[in-house]
Amino acid sequence: MKYKLTRTQQSWIRWLAIWLASFTAVVVLVPGLLVRTGPGKKPEPAPPAAEQPSAVRQQDELLIPVYRSKERRTEKMSLEQYVRGVVAAEMPIEFEPEALKAQAMAARTYIVRRLLDGDQSNVPDPKALVTDTISHQAYVTDEELKQRWGEDVFLPRMDKLKRAVEETRDLVLTYQGKPIEASFFSTSNGYTENSEDYWNFNVPYLRSVPSPWDAKLSPRYKETVAFTSKELQRKLGLPGAVPASTGSPLGIKVIEKSQGNRIKKLSIGGKLFTGREVREKLGLNSSQFQWSWSGGEWRFTTFGYGHGVGMSQWGANGMAMEGRKAEDIVKYYYAGIAIDRASNLLKGKTF
């Protein structure tokens with residue numbers, strides 16, 4: 001036998017169903033009603049995965065892991081702190097502000113390029129990106145600068161250094177939208193060098209340009225060192241001593257020079273060398289050199305100091321002394337480049 005509801009019972013059941021449906025909708029649409037958030041506060045959603053802090057970001061600031069060679073440990077520091085320490089280590093603080101600013105842009109570009117490439121070459125600690133040595137870029141701390149400069153001039157020099165870095169904050173040098181190989185060196189011989197004439201690979205923005213300021217300004221422009229015949233033989237790995245007569249076919253003879261007026265190829269004691277090989281084997285300042293035999297020894301006179309590729313630091317200072325701005329300097333020594341922001345290049349990247 002089936003039970004039959006009265007009209008009144010059916011009406012009550014329909015009303016109850018409607019009431020329950022309305023309550024459920026409120027709970028679904030307003031879930032916050034079931035969460036205690038505290039007085040006047042709403043629950044904060046978790047940030048998207050792409051915005052989560054990475055190993056080298058702290059409060060949205062990029063940190064550079066630098067291997068401190070003396071302490072044999074890796075220290076993380078902000079990008080601009082790192083750039084400041086590099087500029088102080090790599091360029092004399094007495095230089096013009098615009099030259100220091102050009103150096104800051106080059107230093108920042110170097111580390112941003114290395115970061116984007118994931119380049120950890122020649123670093124003893126896998127947690128570090130660079131060392132604080134000239135194998136990458138030299139770096140010094142503020143405390144080291146205070147000891148080097150002395151307390152009496154520390155504050156004004158530090159202020160000058162900080163301004164150079166701050167006024168170029170975030171700026172990097174790019175070619176076709178990518179950070180350049182921002183190589184630099186101390187003193188030119190009057191010209192910079194094409195990249196392929198020293199490193200054997202062509203970089204379109206590392207072209208030879210005149211740099212006439214160095215000869216007048218740099219104390220490292222010209223230097224003479226001497227070797228005995230035996231020293232020359234040993235350092236160059238020659239089978240016999242180099243004949244003293246420069247007219248001998250087994251003496252020293254230039255075969256080819258570069259566009260930057262440096263020695264590209266030469267023959268010594270009948271053996272072929274590149275100018276770079278002789279420079280490195282003899283510890284010469286430059287691959288532009290002259291030689292003579294005098295008083296029982298070979299005397300080599302060099303012009304310029306460094307590999308010669310990229311920006312000449314003393315040339316940059318000479319340009320600044322003439323009133324040229326940092327942007328003019330970097331665009332002179334690095335052909336066809338643009339100036340961009342590191343934050344644009346690093347946007348959306350995780351490291």
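**Notes on the predicted model**

1. Lysine 101 counts as buried, at 13% relative accessibility; buried means under 20% relative accessible area, with a 1.4 Å probe and protein chains only.

2. The side chain of lysine 101 makes a polar contact of 3.2 Å with that of glutamate 167. Such a contact is a pair of N or O atoms within 3.5 Å, where within protein one must be able to donate a hydrogen and the other to accept it, and residues adjacent in sequence count only if both atoms are side-chain atoms. Beyond four places in sequence, lysine 101 touches Ala164, Glu167, Thr168 and Ala326 (contact: heavy atoms within 4.5 Å).

3. This is a predicted model: local features need pLDDT of at least 70, side-chain atom pairs count only at pLDDT 80 or more, and totals for chains, interfaces and linings use all residues. Residues are numbered from 1 along each chain as its sequence is written, and side-chain values use heavy atoms, leaving out hydrogens and water.

4. The largest nonpolar core has 62 residues; a core is a set of buried Ala, Val, Leu, Ile, Met, Phe, Trp, Tyr and Cys residues joined through side-chain atoms within 4.5 Å. Helix H3 (residues 97–117) supplies the largest share, 11 residues. A second, separate core of 17 residues includes Leu238 and Ile252.

5. The protein has 12 helices and 15 strands. Of its 351 residues, 44% count as buried.

Technical notes:
Buried < 20%, exposed > 50% of the residue type's maximum accessible area, 1.4 Å probe, protein only. Helix = DSSP H or I, 4+ residues; strand = E, 2+ residues; numbered from the N terminus.
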